[in-house]
Amino acid sequence: MLDSDVVRQDFPILHQSINGKPLVYLDSAASSQKPLVVIQAMDEYYRAYHANVHRGIYQLSEKATEAYEAARRKVARFINARSWREIIFTRNATEAINLVAYAWGRHNITARDKILVTEMEHHANLVPWQQLAAETGAQLAYIPLDENFCCDMAAYEAMLDAHVKLVAITQMSNVLGTIVPVREFVARAHAVGALVLLDGAQGVPHLPTDVQSLDVDFLAASGHKMLGPTGSGFLYGKRHLLEEMPPFLTGGEMIRRVTWTGAEWNDLPHKFEAGTPAIAEAIGLGVAVDYLSRLGMENVRQHEVNLTRYALEQLSQVEGIRIYGPQQVERRGGAIAFNLDGLHAHDVAAILDREGIAIRAGHHCAMPLHQKLGVVATARASFYVYNEPAEIDRLVEALDMVRRLFER
Ligand code: 7TS
């Protein structure tokens with residue numbers, strides 16, 4: 001089992017007070033905090049072996065290249081990719097999704113085609129497809145949510161036909177917490193010849209994720225939500241798909257040979273990594289993946305189930321609260337969006353900040369979903385490996401206080 005008391009010791013940032021109160025960080029869905037080992041690995045790289053990668057004949061560059069490529073192998077193992085060549089480092093999940101929308105989408109989608117997304121997508125897995133549809137004349141259609149905030153699988157089934165070329169879905173909603181039945185989605189998409197892109201920005205940090213057993217064609221993830229640094233993220237793609245795709249960005253690193261009139265592309269994954277990459281960030285992400293692997297992703301998930309169950313129980317006692325998302329913890333992760341009757345989410349978050357509690361408020365980059373929910377904003381508490389039940393108690397006490405404050 002994961003002991004959050006022990007885990008917390010590894011996160012220096014958590015040991016501080018905000019407005020004289022011990023910090024309660026409940027915004028890991030936006031970005032997680034970093035364990036000391038990640039910070040130290042990046043520091044060590046800059047102090048001891050910083051040099052550019054893939055081009056050095058000298059020792060520093062060889063060491064940097066080794067560390068950078070070792071990180072790629074760690075990520076490949078973490079999601080059980082068949083090969084390290086299937087992992088492309090990007091700045092974040094957004095860039096990974098855009099890579100597919102440009103390099104695959106612009107060459108495979110036509111006016112006759114359909115792209116399906118769910119109604120709960122983050123803008124990162126929505127706007128790139130809206131743009132692709134606008135440019136190609138393809139149709140973008142939304143798989144609806146049912147009354148339990150889960151995907152309506154019968155509606156999905158009815159939307160599938162031979163024109164559907166891509167199903168782009170989140171693994172876990174950053175607002176509702178909903179966990180999507182990925183295998184079911186993939187089996188049905190593949191049956192009509194469509195590919196599946198999984199937005200793992202929320203799922204990969206919190207759920208054991210095996211791309212071979214899920215059989216997804218592409219997976220995008222952000223390093224900074226899984227204990228890694230900002231500026232780190234990755235795209236997984238099945239090798240034959242990545243081989244067939246033209247490059248996204250062009251320039252140095254991604255070529256094998258350049259002449260006056262043209263160029264040949266480098267092997268995977270370098271074909272998709274133009275220019276000097278984020279070396280320290282990749283190394284930091286590798287260490288974050290080691291850290292998560294040591295905790296064990298099954299334990300990470302179980303810890304989150306326990307916290308989420310407790311939080312749903314406790315939060316539901318707060319007068320005038322409305323929680324958005326599935327009730328059953330098995331079907332959801334630890335991002336809990338809510339509103340207090342008659343109060344704007346921003347006011348709630350601002351008052352909580354005075355109590356040292358960090359939550360997010362707004363549309364969480366899911367404006368169409370909020371329109372569907374019939375609200376302009378929600379407040380959102382989200383958990384990770386370092387959170388503990390006592391912090392949920394602090395949140396609930398503070399919400400009770402907010403309610404009393406506005407009742408007067
Ligand atoms: N997809 C999902 C499901 C997300 O939650 C996010 C970020 C992204 C994609 C984009 O990730 P990025 O690293 O490329 O920015 N979600 C959030 C959030 O919920 N609050 O801040 C960022």
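This is a predicted model: local features need pLDDT of at least 70, side-chain atom pairs count only at pLDDT 80 or more; totals for chains, interfaces and linings use all residues.

Q: Which domains does the assignment give for the protein chain?
A: Domain bounds come from an automatic or database domain assignment. Here, domain 1 comprises 4-26 + 296-407, and domain 2 comprises 49-294. Taken over C-alpha atoms, their centres are separated by 28 Å. Domain 1 brings 36 residues to the contact and domain 2 brings 31 residues, where contact means heavy atoms within 4.5 Å.

Q: How is the size of an interface often given?
A: It is often expressed as the accessible area lost when the parts come together. Buried area is that loss for two parts, found with a 1.4 Å probe and summed over both. Between domain 1 and domain 2 it is about 2,600 Å², and carbon and sulfur atoms give 62% of this. Met297, Leu369 and Tyr384 supply 24% of the area that domain 1 buries against domain 2, more than any other three residues.

Q: How many polar contacts and salt bridges link domain 1 and domain 2?
A: A polar contact is a pair of N or O atoms within 3.5 Å; within protein, one must be able to donate a hydrogen and the other to accept it, and residues adjacent in sequence count only if both atoms are side-chain atoms. By this rule, 15 residue pairs are in polar contact across the interface, both residues being at pLDDT 80 or more. A salt bridge is a side-chain nitrogen of Lys or Arg within 4 Å of a carboxyl oxygen of Asp or Glu, and the count between the two domains is one.

Q: Which element gives the largest share of the side of domain 1 that touches domain 2?
A: Helices (H or I, at least four residues) and strands (E, at least two) are DSSP runs, numbered from the N terminus. Elements that each supply at least two residues to this side include α12 (297-315) and α14 (367-373). The largest share, six residues, comes from α14.

Q: Where in the chain do Asp27 and Arg380 lie?
A: The whole structure holds 24 salt bridges, and one of them joins Asp27 to Arg380, with the closest N and O atoms 3.2 Å apart. Asp27 lies in the loop between β3 (24-25) and α2 (36-49) and Arg380 in strand β17, so the pair ties together parts 353 residues apart in sequence.

Q: Are Asp27 and Arg380 buried or exposed?
A: The classes rest on relative accessible area: buried is under 20%, exposed over 50%, and partly exposed in between (1.4 Å probe, protein chains only). Both Asp27 and Arg380 are buried. In another salt bridge, Arg55 meets Glu253 at 2.9 Å between the closest N and O atoms; Arg55 is partly exposed at 46%, whereas Glu253 is buried at 14%.

Q: Why does His303 count as buried?
A: His303 counts as buried because its relative accessibility is 6%. This residue lies in helix α12. Leaving aside neighbours within four places in sequence, His303 is in contact with Leu2, Ser4, Tyr384, Val385 and Asn387.

Note on methods:
Residues are numbered from 1 along each chain as its sequence is written. Side-chain values use heavy atoms; hydrogens and water are left out.
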